[in-house]
Amino acid sequence: MSAPGDQLSLARTGARSGASPFLHLGFWVASLVAVVAVATLPFDSYAINVLMQASTFAVAVFGLCVVLGLCGQINLAQAAFFGFGAYAVALGTTGYHLDFWLCLGIGALFALAAGALLGMSTLRLGGHYLAMVTISFQQIVTLVMINAIGLTRGPDGIGNIGRPAGLQSSQSYLAFCVAALAVVGYLVWHLPDTRLGRAMRAVRDNELAAGVAGINVYRTKVIAFAMSALLGSLGGSLFAGGFTYVSPDQFSFAESIVFLTMALLGGAASPIGAVIGTSLLILIPEWLRFLKSLPGLYLAIYGLFVILIVRFMPDGIWGFVQMLAGGARRKAPAPLAVPPLRLEPAQAGGNYVLQVKGLRKYFGGLKAVDDVDINVRRGGVHALIGPNGSGKTTMLNVLSGLYKATGGQVLLDGVDITALSAHARTSAGLGRTFQNIRLFRSMTALENVVIGAARPGNVTIEGGASELMARALAALDFVGLGGRAHESVTRFSYGHQRLIEIARALAGNPTLLLLDEPAAGLNSSEKRDLHDLLKRIAAQGLTILIIDHDMTLVREAAQHITALNFGRRIADGDSVSVLQQPDVVAAYLGSA
Amino acid sequence: MDLALQLLFTGIGIGAVYAMVALGFVLIFRATNVVNFAQGEFSMVAAYLMVVFAVDLGWPYWLSFLIALAGMALFGVVFNLGVYYPLRHRSFLPVIIATIGASILLSNSVLAIYGPQPQVLEGWFETPGIQLGPVYLDSQYLLIIAVAVVLVIFQYWFFEHTLLGKKLQATSQDKEMASLLGISVSTMIMITFVYSAVLGGIAGILVAPVLFVSIQMGSTIALKAFAATIIGGFGDVAGAIIGGLALGIIETFGAAYISVPYKDGFAFLVLVVFLVFWPQGIFGERVAEKA
Amino acid sequence: MVVTRREFAAVFAAGVAAPALMRSARAEGATLKIGMCVPMTGPAAEPGRYAMNGAKLALEAVNKAGGVLGKPVELVAEDDQTTNPGVVLAFSKLAAQSDIVAFLGSIRSTQVHAMAPDVLKLGKPVMIGGTDPALTHQGNPWLFRFRPNDSYSGRVIAEYGVKTLGKKKWAIVHSTDAFGTAGGKALAEALGKLEAPPVLDQGYSNQSPDFTPVVLAVKQSGADVLGTYFTFENDLAIFARQLRQLGVTIPWVGSPSTVAVSSLKLAGPALYGTYAVSDFAEDSSESAKQFATAYRNAYKLSPDIQSSWTFDAVSVLCAAIARAGTTEPGKIREAILATRKFGGAEGEYNFDQNGDGLHGYNIVRNEKGSIVFDKHIEFSD
């Protein structure tokens with residue numbers, strides 16, 4: 001399954017973190033004007049109803065911005081959460097005569113819990129399976145709403161829903177909805193720049209790399225789902241108070257599809273896109289009333305538009321607009337000067353940073369790694385070599401926690417990490433790069449490295465966004481790319497992307513750096529630069545374990561080599577002697 | 001006991017319907033790694049084609065059937081070129097959305113042309129059914145079960161014992177490798193869509209006499225068929241069949257012994273249980289991502 | 001042909017802007033305007049067309065006879081999309097036009113519930129076809145109902161089955177949607193009062209492909225008569241067929257969908273011999289016959305409940321406005337409520353203080369495919 005983030009939202013590039021305070025102020029002023037206008041100008045009931053529907057739906061669609069646009073997880077149950085909020089207010093104010101705000105809160109809590117539960121199913125599932133779970137959840141909720149008459153009053157629905165005291169008139173209530181929309185929109189707008197938001201974006205772009213960079217992928221997804229559910233419920237509560245009548249047919253799977261289409265139409269990753277998408281999909285039916293003469297024609301065109309939008313405007317309308325405006329973007333702020341990168345690897349355990357004892361990884365009958373011992377001495381470069389299929393990358397994947405070992409033990413700096421998940425190992429001090437580069441493609445070089453810097457367990461950082469930025473910048477300087485920190489990673493050459501990956505790992509101040517074929521695809525001058533980089537890294541005391549095929553690099557850079565063939569260790573010792581051993585030579589060149 | 005036997009027959013009958021539609025899902029998924037949310041509409045379009053030829057134009061039943069299937073083959077080509085092919089390099093999410101859009105487009109286009117009233121399509125047989133002891137066997141359902149069995153055998157033979165079938169399998173397992181071996185991936189995918197459209201068409205035409213030809217007939221079944229695919233295991237054809245039958249039986253018995261209105265809920269509940277504990281399904285394989 | 005993103009954007013923008021530019025100013029004329037919220041899109045689009053047909057037919061007759069208060073009557077329709085928010089939007093759009101004196105609302109009760117608060121606020125008369133009894137019992141003085149509500153259908157089914165057919169062991173099969181649930185409840189209550197409590201009360205979800213469990217439940221219950229509330233004709237037809245296949249031949253008295261044109265076409269012989277309550281029955285009265293003839297002449301289609309109630313609504317409304325002599329809402333209301341012995345397509349209208357115009361149903365029978373009027377059962381309370 002390929003990462004959904006690749007193709008869904010590449011429009012989010014450029015100087016995000018540089019949003020000026022002028023923009024913030026402008027937003028609040030505009031929102032205030034909108035709220036006051038709505039509250040005071042004479043609107044007829046038609047306009048009020050349209051705006052009411054648009055604003056409450058938009059809040060729910062913001063929820064999809066978070067879970068789908070930002071975190072890349074599919075959620076086809078947003079209408080169910082919308083329903084939770086609506087029914088909480090409906091039942092609470094009519095049946096139990098509770099205060100509107102209390103009902104809103106209860107609905108929100110309930111939705112939060114349900115959303116988290118749904119998010120927990122992502123532990124094992126993604127993609128289509130996740131889609132199916134959310135659909136099933138949605139269908140079950142709709143069935144309960146219709147049939148559990150004792151609880152929900154069934155298909156008749158609930159009328160005479162109360163509004164908060166002081167907001168009884170339609171216009172004041174609408175003004176309140178618009179205000180709520182503005183506040184929520186602001187939060188969703190700035191979410192991508194927070195630590196949590198960056199984590200979500202990383203998960204969307206490249207889940208594997210996110211885990212290895214120290215992000216707790218599972219927890220991030222659960223939070224994303226919970227937030228989506230919360231916003232859905234909020235929208236539903238506002239909707240119920242606005243229209244004062246709800247019935248189960250408004251919270252069905254078809255409505256979830258409507259929310260999804262609204263998100264995609266405008267651009268799932270941005271709240272502005274969500275508002276555009278929602279408004280269009282509510283207003284277009286109003287404008288296209290002349291097409292209503294032939295039943296089905298309007299909806300057929302709607303379906304056609306969905307296909308066309310997905311095909312030609314994958315980032316939605318707002319993403320498209322941003323792309324058009326891309327050339328007119330203001331210049332990125334010049335990177336500040338920062339102190340050079342300091343690497344302070346931990347020194348807790350004895351002589352060996354890494355001890356691998358009897359490691360085994362079997363895939364059914366295939367013994368990819370068969371009873372291998374490796375001891376990596378502290379400081380310097382240790383290489384792992386072997387012909388293709390010898391088990392090197394499998395070994396690395398087991399070491400970094402992407403595969404579970406079938407047997408054996410792995411100790412990092414004296415701590416047993418054999419059973420830890422990938423992100424837990426990263427917290428424990430492991431850093432790695434990938435053979436096929438895994439950068440977060442929607443982000444800039446700096447943002448990628450910041451994620452690495454935010455590794456829990458990074459002792460060089462006390463906390464705080466500016467420290468993270470400074471550390472990340474220092475890491476980029478260290479690999480020679482500090483001047484291009486604010487460019488999107490897709491603009492860098494292959495060799496430079498590899499350097500960014502290394503910088504990302506370094507920024508986290510690991511205890512051991514695992515490099516998987518770092519020289520692959522580099523030309524000879526780039527390889528020399530890489531060699532220099534390795535020397536500089538080792539000079540600061542950080543231990544490196546490198547896999548590579550380039551024997552020249554290995555011979556020059558590594559002090560110690562372990563050789564594998566057919567999953568077993570065939571040689572281990574200092575570089576020069578290992579490379580002269582007959583069975584090592586035979587493994588590579590074949591016996592005469 | 002009589003009750004249980006009747007329910008069993010009905011469960012297998014409706015399960016066979018789910019299974020046939022599920023086969024179409026599985027094929028497209030295996031070839032393209034994409035779930036086709038418009039699969040139900042394939043069945044619906046075929047049923048309407050049948051109505052046009054056999055009812056409106058009055059052509060002989062068997063002739064209309066063949067022409068309708070030919071129409072479905074053409075439809076598969078158009079669908080591939082219009083919906084999947086332009087998006088083939090993108091991730092699964094845009095494709096899912098595009099197929100949802102296609103589903104809306106198809107059902108409403110048919111609505112615009114034919115109107116919302118359901119149509120009647122005669123069954124294959126003159127006699128509506130046979131009474132076997134305490135159990136009534138609807139003849140169309142018997143036909144559906146028989147055709148499902150034939151299709152499974154055919155599909156097994158085709159995929160395992162013909163070169164084309166092997167090529168299709170290779171393409172579904174590793175597109176790049178297949179292409180390196182000289183297999184035209186785009187042709188294989190086209191064949192898959194055509195076959196899946198024809199399969200969906202057969203399912204639709206067989207089911208139409210029982211469920212009536214209506215705009216919604218496809219979506220009613222498709223969601224359940226999708227669930228069946230997961231229960232059986234997304235990767236495996238036999239699994240889709242088993243999943244379909246299992247779902248049909250669970251639903252029918254659940255409705256009779258527990259609650260009729262919540263019948264649909266059982267299907268989804270079972271699905272969720274499977275997804276949480278056995279996501280690979282009964283027969284499927286777990287696919288690990290290459291690091 | 002490859003369409004670049006820019007080209008596509010341009011076309012899209014033009015497409016979106018065009019309708020707004022194309023909208024022409026509505027000509028203001030000296031007509032009496034009646035607003036109508038009707039489904040033009042969504043699942044009920046076709047019945048919506050029939051509703052419009054009925055209203056227009058009545059309108060033409062009224063205008064041919066000279067209009068109302070000296071002016072021709074005009075219908076202004078808006079699409080309610082068959083959804084709740086849709087009908088609220090449609091109604092509020094119409095409500096914004098101050099020269100509309102009265103409205104035709106929905107036949108779907110949930111939609112009427114949704115628009116009720118706005119109706120109350122506007123304070124103008126709205127004619128409805130929804131049959132949920134609560135609609136005229138919740139204190140909204142502006143809703144006037146042109147079909148007998150579900151409390152009557154349940155009582156008529158019970159009355160006919162128990163007293164005329166002489167059957168006391170009832171199986172009730174009903175959809176779990178709003179219509180089916182309310183109907184099933186009304187029937188069960190009425191049966192209770194006639195001391196023939198149901199032996200089976202079975203709900204089912206709409207759009208089921210298979211009804212075997214329901215049929216077997218009916219068989220097992222030992223019932224000697226079946227009462228049903230089916231919303232969709234597909235479901236009804238599948239159920240009817242399977243009922244006969246599994247050998248159930250007890251008498252069956254159902255809701256109006258049982259004799260809908262579509263049901264007859266789909267189910268064929270499976271529905272022969274069934275009874276149904278129908279507010280509209282062609283042979284039930286002279287007015288009904290006249291309406292049916294006129295409808296067939298105009299539209300080449302057979303009329304049904306979708307068109308009969310709107311026909312009556314427009315007729316009664318126009319007559320009431322003429323009698324009131326003014327378009328003032330309060331006076332129109334009084335005039336409607338004072339309507340007595342008005343012969344309409346649906347029956348004889350005698351409005352009560354709640355706004356219900358009809359208090360009984362026709363019983364019809366399916367005689368080998370043709371619908372035959374049996375009797376009319378009316379309640380005076």
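Author: Two residues are in contact if their C-beta atoms, placed from the backbone, lie within 7 Å. The model is predicted, so local features need pLDDT of at least 70 and side-chain atom pairs count only at pLDDT 80 or more, while totals for chains, interfaces and linings use all residues. Residues are numbered from 1 along each chain as its sequence is written, and chains are lettered from A and ligands numbered from 1 in the order in which they are written.

Reader: How many residues of chain B are in contact with chain C?

Author: The contact has two sides, and chain C takes part with 24 residues.

Reader: Which element of chain B gives the most to the side that touches chain C?

Author: Elements are helices (DSSP runs of H or I, at least four residues) and strands (runs of E, at least two), numbered from the N terminus. Those that give two or more residues to this side are strand 2 (135-138), helix 9 (217-232), helix 10 (237-257), helix 11 (263-277) and helix 1 (2-32) of chain B. With 5 residues, the element that gives the most is helix 1 of chain B.

Reader: How many residues on the side of chain B that touches chain C are nonpolar?

Author: Ala, Val, Leu, Ile, Met, Phe, Trp, Tyr, Cys and Pro count as nonpolar, Asp, Glu, Lys and Arg as charged, and the others, Gly among them, as polar. On the side of chain B that touches chain C, 9 residues are polar and 3 are charged, and the number of nonpolar residues is 15.

Reader: How many helices does chain B have?

Author: Reading from the N terminus, chain B runs α-α-α-α-β-β-α-α-α-α-α-α-α. Its strands number 2, and its helices number 11.

Reader: What is the radius of gyration of chain B?

Author: The radius of gyration is taken over C-alpha atoms, and the globule rule is 2.2 Å times the number of residues to the power 0.38. For the 291 residues of chain B that rule gives 19 Å, and the chain's own value is close to it, so chain B is as compact as a globular protein of that length, with a radius of gyration of 19 Å.

Reader: What percentage of the residues of chain B count as buried?

Author: A residue is buried if 20 or more other C-beta atoms lie within 10 Å of its own, exposed if 12 or fewer, and partly exposed in between, with C-beta atoms placed from the backbone. The C-alpha atoms of chain B fill a box of roughly 60 × 50 × 35 Å along the principal axes, and of the 291 residues in this chain the buried share is 58%.

Reader: What radius of gyration does chain A have?

Author: Chain A has 24 helices and 12 strands, and its C-alpha atoms fill a box of roughly 90 × 50 × 50 Å along the principal axes. A compact globule of 592 residues would have a radius of gyration near 25 Å, which agrees with the value for chain A, 28 Å.

Reader: Which helix gives the most to the side of domain 1 of chain A that touches domain 2 of chain A?

Author: An automatic or database domain assignment sets the bounds, and for chain A it gives domain 1 (31-250) and domain 2 (352-437 + 511-589). Their C-alpha centres lie 48 Å apart, and the contact takes 9 residues from domain 1 of chain A and 8 residues from domain 2 of chain A. With 4 residues, the helix that gives the most to the domain 1 side is helix 10 (residues 207-212) of chain A.
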